[in-house]
Amino acid sequence: MYVKKVWINGTIYTMESEGDTIEAVLTENGRIIACGSTEDLKKEADEIIDLQGAVMYPGFVDSHLHMIGVGLQLMRLDLSSVQSKEEMLYLLTIASQNIPEDSWLIAEGFNENQFLDPTIPTLQELDAIRQGPIAISRICRHVYLGNTAALRAANLENYTDSDKGSVGRDEQGNLTGLVYEAAAEQLRDAQIQEGEQYVNELKKALNVAMDTMLSKGLTAGHTEDFAYYGPYQEPYRAYREVLAERQDFRCHLLMHYYVFEEMMEANLTFDEPFMERGAMKIFADGSFGGSTAALVEDYADQSGWKGTLIQTDEEMVKLFQLARKYDAPIAVHVIGDAAAEQVVTMMERYPAAEGVCDRLIHACLVNEDLLKRIAKLPVAVDVQPTFVTSDFPWVAERLGEARLPYAYAWKSLLEHRIPCAGSSDGPIERIDPLLGIEAAVTRKKDGVVYGVEQCISRFEAIQMYTRGGAEIIGKSHERGMIKEGFVADFSVFDRDLFQGTISEAQAVMTVVDGRIAYQQG
């Protein structure tokens with residue numbers, strides 16, 4: 001027998017239209033069965049949930065992140081807030097005291113652009129900390145830094161540079177410890193283990209990530225993890241076992257193009273509604289931070305350099321044809337305008353099947369012509385508003401003034417009626433949706449507003465984390481609003497996000513499938 005619950009005594013935003021609120025919601029078996037007055041719905045309820053004056057929204061969704069990576073970051077040394085090379089070396093030295101010499105010291109997320117002096121540790125300085133391998137991801141995860149033992153373990157000491165990847169060398173040709181793109185993947189892959197103990201580590205990371213996301217008011221995540229942690233069977237098993245046990249978080253799982261065909265041919269089971277099969281994930285270029293995003297014109301601060309496309313046109317054609325063979329949606333990482341040009345052209349040439357929505361991930365630089373072309377396609381964009389607070393002001397030096405009006409252009413995307421979903425790209429950015437909403441509304445860092453013409457309204461920003469998260473996966477008919485027939489996923493905060501400072505709010509309750517998955521205290 002299913003229990004009917006009525007949710008009352010709070011402000012309940014439906015997000016169907018701006019300012020639309022209701023008094024009460026009646027749920028049963030994970031669905032909203034009625035919306036209306038407190039007096040009427042209480043008569044039908046078996047259980048009353050008192051919101052105690054809090055403010056309820058449809059369930060918030062992070063539409064692009066890497067959940068295992070988020071969990072591992074929370075379990076490992078996090079360097080994302082480090083302010084100098086010296087601080088970075090100090091923390092690595094302290095951490096090394098607790099790591100056996102034959103084990104990897106893995107650290108996450110350094111960002112030299114926030115250093116007062118953007119100098120990073122040298123290979124020799126890392127070697128002085130320990131003889132065992134050290135591997136450190138840059139915040140963009142397209143660049144890694146390793147010591148000699150790590151480069152040796154990854155077979156990178158004699159790496160041959162190509163358009164796919166490269167290793168850093170000084171003027172004398174000596175290794176610096178930096179590795180880029182495909183070489184970075186090779187360093188990351190050298191850390192991977194296999195077996196029961198490793199699966200348990202992945203499961204622990206997932207539980208840590210889900211618990212943290214629920215505490216931030218998130219009810220779901222669109223995540224991509226299958227090509228980074230050994231054979232895809234390891235993370236697949238971790239997801240399936242964790243979600244089967246918990247059943248309190250929705251995971252939409254994208255499949256990296258490295259393993260896509262193998263996974264499709266295996267006819268794997270995805271246990272909906274908590275475990276959903278997602279799009280084929282492709283990388284078209286790198287990042288602004290690593291100067292590897294592909295641009296039409298030169299980088300403003302690096303004459304003669306336009307970044308690099310990860311896929312040739314011929315390779316991209318084969319990937320699109322592979323996805324279309326299975327009528328699968330395609331999700332493509334595009335940062336620069338040259339990458340966007342390549343991918344949009346492919347989407348025009350190889351359109352999605354009827355009812356299938358492709359997605360552009362990031363789309364950080366799109367000009368007016370690209371906006372018009374994207375608007376004609378069945379394409380949504382998942383955006384990361386906190387990139388503004390991380391990337392400015394240094395990204396202005398990379399792009400130059402002429403391109404800035406088209407950078408992180410969320411207002412322009414919405415004005416062209418291109419569906420947008422909000423996300424963090426965690427662990428690259430913090431997985432707090434309120435930080436994303438605030439960044440989309442204010443575009444402010446240290447009191448300075450960057451690109452005020454691209455600021456969006458609070459309603460538009462909250463929609464990106466509610467209706468946008470549903471629309472991008474074809475679930476807008478049942479998710480993203482508080483409405484009869486929709487799923488009973490709710491994010492409840494201690495204050496109204498349409499007033500005051502957004503980031504000061506706290507999640508007091510997170511509801512998934514009609515059940516309280518997180519409650520403050």
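Strand S9 (residues 77-78) and strand S10 pair in the parallel sense over two bridges; helices (H or I, at least four residues) and strands (E, at least two) are DSSP runs, numbered from the N terminus, and two strands count as paired if DSSP finds at least two bridges between them. The model is a predicted one, in which local features need pLDDT of at least 70 and side-chain atom pairs count only at pLDDT 80 or more, while totals for chains, interfaces and linings use all residues. Residues are numbered from 1 along each chain as its sequence is written, and side-chain values use heavy atoms, with hydrogens and water left out.

Six of the six residues of strand S10 (residues 105-110) are buried, so S10 is largely enclosed by the rest of the structure. Here buried means under 20% relative accessible area, exposed over 50%, and partly exposed in between (1.4 Å probe, protein chains only).

Then there is an open sheet of six strands, in the order S3-S2-S7-S24-S25-S26 and with mixed pairing. Strand S3 (21-22) and strand S26 (515-519) stand at the edges with a single partner strand each, so one side of each is left without a neighbour in the sheet. Inside that order, strand S2 (residues 11-13) runs parallel to strand S7 (residues 55-58), and two bridges join them. Isoleucine 12 stands opposite methionine 56 in S7.

On to the charges. A search of the whole structure turns up 32 salt bridges, each a side-chain nitrogen of Lys or Arg within 4 Å of a carboxyl oxygen of Asp or Glu. One of them ties lysine 483 to glutamate 16, with the closest N and O atoms 3.3 Å apart. This pair links distant parts of the chain, 467 residues apart: lysine 483 sits in the loop between helix H18 (467-471) and strand S24 (490-493), and glutamate 16 in the loop between S2 and S3. Lysine 483 is partly exposed, at 31% relative accessible area, and glutamate 16 is partly exposed at 36%.

Other pairs sit inside. Aspartate 248 and arginine 246 meet in a salt bridge (2.9 Å, N to O), and both are buried. Glutamate 478 and lysine 475 form another, their closest N and O atoms being 3.7 Å apart, and both of these residues are buried as well. Salt bridges that share partners also join Glu196, Lys203, Arg237 and Glu241 into one network.

Most residues other than glycine have a negative phi, and most peptide bonds are trans. A cis peptide bond, with omega about 10 degrees, joins glutamate 272 and proline 273, the proline lying in the loop between helix H9 (260-265) and strand S17 (275-283). Phenylalanine 392 and proline 393 are also joined by a cis bond, with omega about 5 degrees; proline 393 is in the loop between helix H13 (387-391) and helix H14 (394-399).

Positive phi turns up too. Histidine 362, not a glycine, has a phi of about 90 degrees; histidine 362 lies in strand S19 (residues 358-362) and is buried at 4% relative accessibility. Arginine 417 has a positive phi near 60 degrees, but sits in the loop between helix H15 (410-415) and strand S21 (420-422) and is exposed at 76% relative accessibility.
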